[in-house]
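Hi there,

Here is the structure I promised to pass on to you. Have a look at it first, and then read my notes below.

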Amino acid sequence: MLLASLSLFRQPVNFVAAKWQTLIRVAGDPYRPELHYMRGPGPKWRAKYHASRLNRSL
């Protein structure tokens, strides 16, 4: 009787523990991809295409 009640208690506790561990792992992940994406053209691109745009306007 006691073993059956412990078994019924263990299943939801394991489920909650697994979800909690997943939440902690995801929330504690320091990788933030938005910090690594290019935010626009760099100085080499500007130097190359700014010169061609100046020539076109003449």
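Tryptophan 45 and tyrosine 49 both sit in helix α2, which covers residues 43-57. They are four residues apart, about one turn of the helix. Please keep in mind that this is a predicted model.

The count of aromatic pairs comes to one. The ring centres of tryptophan 45 and tyrosine 49 are 4.9 Å apart and their planes meet at 35°, so the pair is tilted. For a pair to count as stacked, the planes would have to be under 30 degrees apart, and for edge-to-face over 60.

How accessible are the two partners? Tryptophan 45 has 46% relative accessibility and therefore counts as partly exposed. Tyrosine 49, at 37%, counts as partly exposed too.

**A nonpolar patch on the surface**

The other spot I would like to show you involves Trp20, Leu23 and Ile24, which form a nonpolar patch on the surface. Together these residues have about 350 Å² of accessible area. Leucine 23 belongs to helix α1, residues 2-27.

**The protein as a whole**

Finally, the overall picture. There are two helices and zero strands in the protein. Of its 58 residues, 0% are buried, where buried means under 20% relative accessible area. The accessible surface of the protein is about 6,100 Å², and carbon and sulfur atoms account for 66% of that surface.

Best wishes

Technical notes: Residues numbered from 1 in each chain as written. Predicted model: local features only at pLDDT ≥ 70, side-chain atom pairs only at ≥ 80, totals over all residues. Heavy atoms only, no water. Patch = residues over 30% accessible without salt bridge, like charges linked within 9 Å, V, L, I, M, F, W, Y side chains within 5 Å. Areas by Shrake-Rupley, 256 points an atom, 1.4 Å probe, with all protein chains shown as cover. Salt bridge = Lys/Arg side-chain N within 4 Å of Asp/Glu carboxyl O. Phe/Tyr/Trp six-rings, centres within 6.5 Å; stacked < 30°, edge-to-face > 60°. Buried < 20%, exposed > 50% of the residue type's maximum accessible area, 1.4 Å probe, protein only.
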